[in-house]
Amino acid sequence: MGLSLRRATLEMFVIVGSILLAFGLDAGWDAHQRQADAEDLLTDLLAEFEETATELERAVVRNQEVITAATEILAQLTRSPANPEVAASTLAKLILVPTTDPRRGNLDALVASGDFGLVSLRHLRGSLADWPAALRDLQEEELDARVFVQTTLIPFLANAVELQPIFAWRLAATPSNRGVTDIDGTELSDDPMIRLPSDRQFSNLVATRRYLSQFTVSNAGTVQEELEAIVRALREAVTN
């Protein structure tokens, strides 16, 4: 009977040991898989945010072009109030509305899952969680500019100048077709001078358009600082 008891005890320990070993192997595999998932996520996020940095810089440059064009138009209205003229390409920049619309699939998936534990750096977790709100604020400013241009500035111009050459240059200034062709695919060579409205309303509209872009560029600077910090932290996380 004593032998049977020892055998039963041994078998029990073997069974328990096997179960604990299985649990340990499963836990080890889960930890390994989670680490692999975290590395993949960080790599994908880094690529995504680097693209966002390029997209934001492009929008800032285009807004600065709007500011330059508006300043030139206002100066021309002051210099030649009786016969103000600017090139069609300059006036076209006034109705450009640069936008920031970066790819966000990986970040959106992370936010939706709520599994920020995959990101080991605490300050990076906070920055990633706050980023959608910062980007949304900037996009709302861009939307304000678009609404102003579409509902106020363009209708005013439509009653005051010939829009065809302006829109031809506006199309040619798009990122995919910048300075290359007209809407029908022909090469743009002429940049006709457009006679500007000389009334106070037009000056106010141009000044408002300039202000909207200046405001966007100013706030984009703050957003760029946040973005650069996120990219640095992601690079650190990926390399470590």
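The following legends describe close-up views of a predicted model. Residues are numbered from 1 along each chain as its sequence is written, and side-chain values use heavy atoms, with hydrogens and water left out.

**View 1. A salt bridge between arginine 103 and glutamate 48****.** The closest N and O atoms of this pair are 3.6 Å apart; a salt bridge requires a side-chain nitrogen of Lys or Arg within 4 Å of a carboxyl oxygen of Asp or Glu. Arginine 103 belongs to the loop between helix H2 (88–94) and helix H3 (105–113), whereas glutamate 48 belongs to helix H1 (residues 2–79), so the contact ties together parts that are 55 residues apart in sequence. Helices are DSSP runs (H or I, at least four residues), numbered from the N terminus. Glutamate 48 is buried, with a relative accessible area of 1%, but arginine 103 is partly exposed at 40%. Buried denotes under 20% relative accessible area, exposed over 50% and partly exposed in between (1.4 Å probe, protein chains only).

**View 2. Arginine 62 and glutamate 65 joined by a salt bridge****.** The N to O distance is 2.9 Å. Both residues lie in helix H1, 3 residues apart, about one turn of the helix. Arginine 62 is buried at 6% relative accessible area, and glutamate 65 is likewise buried at 16%. Elsewhere, salt bridges with shared partners join Glu48, Glu51 and Arg103 into one network. The whole structure contains 5 salt bridges.

**View 3. The aromatic pair of tyrosine 211 and phenylalanine 215****.** The structure holds 3 aromatic pairs, defined by ring centres of Phe, Tyr or Trp (its six-membered ring) within 6.5 Å; planes under 30 degrees apart count as stacked, over 60 as edge-to-face and the rest as tilted. Tyrosine 211 and phenylalanine 215 are stacked, at 6.0 Å centre to centre with 25° between the planes. Both lie in helix H6, 4 residues apart. Phenylalanine 215 is partly exposed, with a relative accessible area of 37%.

**View 4. A patch of negative charge on the surface****.** Glu57, Asp130, Glu225, Glu226 and Glu228 gather here. Patch members have over 30% relative accessible area and no salt bridge, with like charges joined within 9 Å. Helix H6 (residues 200–239) gives the most to the patch, with 3 residues. Glutamate 226, found in helix H6, is partly exposed at 35% relative accessible area.

Technical notes: This is a predicted model: local features need pLDDT of at least 70, side-chain atom pairs count only at pLDDT 80 or more; totals for chains, interfaces and linings use all residues. Patches are made of residues with over 30% relative accessible area and no salt bridge: like charges are joined within 9 Å, nonpolar side chains (Val, Leu, Ile, Met, Phe, Trp, Tyr) within 5 Å. Accessible areas come from the Shrake-Rupley method with a 1.4 Å probe; for residues, only the protein chains shown count as cover. Lys and Arg count as positive and Asp and Glu as negative; His and the chain ends are not counted. The place of a charge is taken as NZ of Lys, CZ of Arg, CG of Asp or CD of Glu. Helices (H or I, at least four residues) and strands (E, at least two) are DSSP runs, numbered from the N terminus.
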